[in-house]
Amino acid sequence: MGSPVVRRSPVHGGVVVAAQRLTPRMRRITVRSDAAVGLDVRPAQDIELLLREASGRRVKRRYTIRHARQETGELDLDVLLHGDGPGARWGEHAEPGDPVEYQGPRGKLELRSAPWHLLVGDESALPAIAAIAEALPAHELALAVVEVEDGDDELPVAAETRWVHRGGAPAGTADRLIAAVTDLAIADGARAYLMGESRAMVALRAVLEQRGIDHDAIFVKGYWNIGRPDRLAGRTPAAG
Ligand SMILES: Cc1cc2nc3c(=O)[nH]c(=O)nc-3n(C[C@H](O)[C@H](O)[C@H](O)COP(=O)(O)OP(=O)(O)OC[C@H]3O[C@@H](n4cnc5c(N)ncnc54)[C@H](O)[C@@H]3O)c2cc1C
């Protein structure tokens with residue numbers, strides 16, 4: 001018997017063609033790549049950027065494809081400037097002309113039909129929540145519940161949106177989002193999508209199951225881990 005074939009996702013080359021500040025803490029970086037010409041992107045799929053830590057070590061960081069323009073091969077990535085990390089640093093400093101390497105698109109989220117969709121997350125998931133809201137059929141209702149630092153972080157979402165302001169408290173704990181969903185009227189047949197800090201999303205899932213949403217109707221994805229760099233994100237219970 002031969003050894004199993006390991007298929008690695010190919011690395012694509014691209015270039016930054018635009019960078020603009022969307023909010024004080026979010027920058028939209030547009031990457032153009034031949035591999036993205038004609039590419040079919042599903043809502044909330046992402047690419048994995050190959051970046052370098054300050055030490056020079058190579059790391060990967062995932063960013064949602066907020067918009068894809070098939071004709072030109074352009075991908076808009078909305079990068080949260082949360083502080084220190086190779087991804088946040090790239091988002092802060094990327095400028096037109098910078099070369100980029102990435103793998104993907106990735107992402108397993110499948111939008112299924114439902115009368116009501118609940119989209120919950122923090123600002124790292126705001127690009128995914130906005131993309132999902134835009135992709136839902138007009139007759140399917142959606143409510144977004146998004147935690148951000150303050151009103152300056154709010155961006156348009158094509159759904160009714162409840163903004164939860166942290167107001168200086170540390171990011172990544174579940175308490176404020178749990179409080180925000182506790183009194184919601186949950187429609188029969190609801191589906192939920194939870195994207196944000198890994199443990200916070202697991203805690204939120206338990207609350208929503210108690211509120212009557214089926215386990216199988218809840219998509220959970222850990223986007224980052226409090227106090228830890230992203231290299232361990234795939235090993236949390238919330239990762240998918
Ligand atoms: C499928 C997927 C899609 C994603 N899409 C986006 C996107 O569109 N836009 C986006 O901004 N992020 C997105 N993320 C989250 C992003 O990949 C992580 O936040 C990542 O950790 C950022 O890397 P970094 O190098 O900046 O920080 P890291 O080196 O990973 O972490 C450094 C420190 O910063 C903290 N940290 C990391 N992320 C955050 C955060 N969001 N808020 C507060 N503290 C943080 C860590 O806990 C750690 O202490 C996505 C993640 C996944 C899995």
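Let us start at the ligand: β4, β6, α1 (86-93) and β12 each supply at least two residues of the shell around the ligand, where helices (H or I, at least four residues) and strands (E, at least two) are DSSP runs numbered from the N terminus. This is a predicted model, in which local features need pLDDT of at least 70 and side-chain atom pairs count only at pLDDT 80 or more, while totals for chains, interfaces and linings use all residues. Residues are numbered from 1 along each chain as its sequence is written.

In total, 29 residues surround the ligand, and the closest are Thr64, Leu80, Gly85, Gly87 and Asp230; a residue counts as near a molecule or strand if its C-beta atom, placed from the backbone, lies within 6 Å of it. Sorted by class, the shell has twelve nonpolar, ten polar and seven charged residues. Here Ala, Val, Leu, Ile, Met, Phe, Trp, Tyr, Cys and Pro count as nonpolar, Asp, Glu, Lys and Arg as charged, and the others, Gly among them, as polar. At least three residues of the shell come from each of domain 1 (11-106) and domain 2 (116-235).

That brings us to the domains themselves. The chain is divided into domain 1 (11-106) and domain 2 (116-235), with bounds that come from an automatic or database domain assignment. Their C-alpha centres lie 22 Å apart. The contact between them takes 14 residues from domain 1 and 15 residues from domain 2, two residues being in contact if their C-beta atoms, placed from the backbone, lie within 7 Å. On the side of domain 1 that touches domain 2, the elements giving two or more residues are β1 (11-23), β4 (58-64) and β6 (74-80). Here β4 gives the most, with three residues. By class, this side of domain 1 has seven nonpolar, three polar and four charged residues.

Strand β3 (residues 46-52) runs antiparallel to β4, and seven bridges join them; strands pair if DSSP finds at least two bridges between them. Within this pair, Glu48 stands opposite Arg62 in β4. The two strands form a hairpin with five residues between them, and Gly56 in the turn has a positive phi of about 100°.

Two more backbone details deserve a visit. Most residues other than glycine have a negative phi, and most peptide bonds are trans. Ala44, in the loop between β2 (26-32) and β3, has a positive phi of about 70° although it is not a glycine. Ala44 is also buried, with 26 other C-beta atoms within 10 Å; a residue is buried if 20 or more other C-beta atoms lie within 10 Å of its own, exposed if 12 or fewer, and partly exposed in between, with C-beta atoms placed from the backbone. Further along, the peptide bond from Gly104 to Pro105 is cis, with omega near 10°, and Pro105 sits in strand β7 (residues 99-106).

Now for the interior. In soluble globular proteins, nonpolar side chains tend to be buried together. The largest nonpolar core here has 36 residues, and those with the most contacts inside it are Leu119, Val120, Ile129, Ala192 and Leu194. Such a core is a set of buried Ala, Val, Leu, Ile, Met, Phe, Trp, Tyr and Cys residues joined through C-beta atoms within 7 Å. Elements that each supply at least two of its residues include β8 (116-122), α2 (126-135), β11 (191-197) and β12 (218-224). The largest share, seven residues, comes from α2. If neighbours within four places in sequence are left aside, Val120 is in contact with Val145, Leu177, Val181, Ala192, Leu194 and Leu204. Apart from this core lies another, of 16 residues, among them Ala36, Leu49, Ile65 and Tyr102.

Finally, follow β11 and β12, which pair in the parallel sense over six bridges. Ala192 stands opposite Ile218 in β12. Strand β12 is mostly covered, with seven of its seven residues buried. Lys221 belongs to this strand and is buried, with 24 other C-beta atoms within 10 Å. Lys221 and Leu194 are 27 residues apart in sequence and 6.3 Å apart in space, C-alpha to C-alpha. In β11 we find Arg191, which counts as buried with 22 C-beta neighbours inside 10 Å. Not counting residues up to four places away in sequence, Arg191 touches Arg112, Ala114, His117 and Ala217.
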